[in-house]
Amino acid sequence: MADSSDSISIDTETISLVAKEYLVKTRCGMVSVAVFGDLDKPALVTYPDLALNHISCFQGLFFSPEVNSFLLHNFCIYHISPPGHEVAAAPIGSDDLMPSVDDLADQVLEMKYRQRVLGLILVSPLCRAPSWTEWLLNKVMSNLLYFYGMCGVVKELLLKRYFSQEVRGSVEEPESDIVQACRRMKGRVLSVQQFLEAMNGRRDLSEGLRKLHCRSLIFVGENSPFHSEALHMTSKLDRRYSALVEVQACGSIVTEEQPHAMLIPLEYFLMGFGLYRPTLSVSPRSPLSPTCISPELLSPESMGLKLKPIKTRIS
């Protein structure tokens, strides 16, 4: 537990805001891992989207007091960043091998105790090979990065990938703070370009998803360009172990645009693993409040039945 100078008090939990940074060697190269919390607790591993790191992709979720206190009470958080995407990343040499999507996945796979993975929480996931539209758009961004660097056009295309029109603003409405923060990003050009090329070379995983028996919770914004991809993935997963939450008026990065919409589904999902809020810090709005939930729903078996495909409307 961090001392008071490095922490804030939320819901009776003292939550460290300072990560310990590690460089972990894998056969596919070095990977940066930022660790928050008690190392003795179960691991919650995150991986960000294209051109983002754990701060730009997840701080909206983890800085939400209710979500943060709930997750830090139950987990030690391990934020893994793709090569060259970490905070203060060193430049990647042009002679360095370009990782494939399988290589990036293998970097995560080489972490200890991978056989103990019990659940997946996916945000706007992709499981098919890229469509021609996505492939062409990624190629355009890759070429722009090569010739012009992280220029305004590339940033606009990335913002459309991440966020809904509601937060990107218009002539009448200003951009939201999260969009302005992303617009100021200064990603390493070569690492982003390599990530794009890796995404364009990914293979279709659809047929193998039926064999995935760990519980899966999928979030997707209704305005995400990958909305149909999330629906496809849900259709391929075993419905006994998976649930879908669609968030209204939201883009791909639900963790930043509408992190509050994730709280209740996350609580119900993690209840299936016996994970709860601290007894003294249950929010009146929380589904875990004793007055809001029936005892018969508290068993893992019942939670398995509750995790059928659902559609949540958050305005």
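In this predicted model, strand S8 (residues 215-221) runs parallel to S9 and is joined to S9 by six bridges. Within this pairing, Ile218 has Leu244 of S9 as its bridge partner. Strands of a sheet pair through backbone hydrogen bonds, and the pairing may be parallel or antiparallel. Here the two strands belong to an open sheet of three strands, ordered S7-S8-S9, with parallel pairing. From one strand to the next, the twist averages 10°.

Two helices lie against this sheet. Helix H9 (residues 227-236) lies across S7, S8 and S9 and runs at about 160° to S8. Helix H11 (residues 263-271) also lies across S7, S8 and S9, at about 170° to S8.

Ser124, in the loop between S7 and H4, has a positive phi of about 50° although it is not a glycine. Ser124 has a relative accessible area of 9%, under the 20% cut-off, and is therefore buried. Ala249, in the loop between S9 and helix H10 (254-257), likewise is a residue other than glycine with a positive phi, near 50°. With a relative accessible area of 29%, Ala249 is partly exposed.

Beyond the loop that holds Ser124 comes H4, which takes part in a helix pair. Two packed helices are described by the angle between their axes and the distance between the axes. For helix H4 (residues 132-148) and helix H5 (residues 152-162), the angle is about 145° and the axes are 9 Å apart. The crossing of H4 past H5 is left-handed. On the H4 side, the contact involves Leu137, Asn138, Met141, Leu144 and Leu145, which meet Val153, Val154, Leu157, Leu158 and Arg161 in H5. By class, this contact comprises eight nonpolar, one polar and one charged residues.

In soluble globular proteins, nonpolar side chains tend to be buried together. The largest nonpolar core has 49 residues, and Leu71, Leu158, Tyr162 and Phe163 have the most contacts inside it. Leaving aside residues up to four places away in sequence, Phe163 touches Arg168, Ile178, Val179, Cys182, Gly251, Ile253, Glu256 and Glu257. A second, separate core has nine residues, including Leu209, Val220, Met233 and Leu244. Leu244 is also the bridge partner of Ile218, which returns the reader to the sheet.

Technical notes: Residues are numbered from 1 along each chain as its sequence is written. This is a predicted model: local features need pLDDT of at least 70, side-chain atom pairs count only at pLDDT 80 or more; totals for chains, interfaces and linings use all residues. Side-chain values use heavy atoms; hydrogens and water are left out. Axes are lines fitted to C-alpha atoms, for helices over the stretch in contact, and angles run from 0 to 180 degrees between N-to-C directions. Helices (H or I, at least four residues) and strands (E, at least two) are DSSP runs, numbered from the N terminus. A crossing is left-handed if the near helix is turned anticlockwise from the far one by less than a right angle, and right-handed if clockwise. Contact means heavy atoms within 4.5 Å. Ala, Val, Leu, Ile, Met, Phe, Trp, Tyr, Cys and Pro count as nonpolar, Asp, Glu, Lys and Arg as charged, and the others, Gly among them, as polar. Two strands pair if DSSP finds at least two bridges between them. A nonpolar core is a set of buried Ala, Val, Leu, Ile, Met, Phe, Trp, Tyr and Cys residues joined through side-chain atoms within 4.5 Å. Buried means under 20% relative accessible area, exposed over 50%, partly exposed in between (1.4 Å probe, protein chains only).
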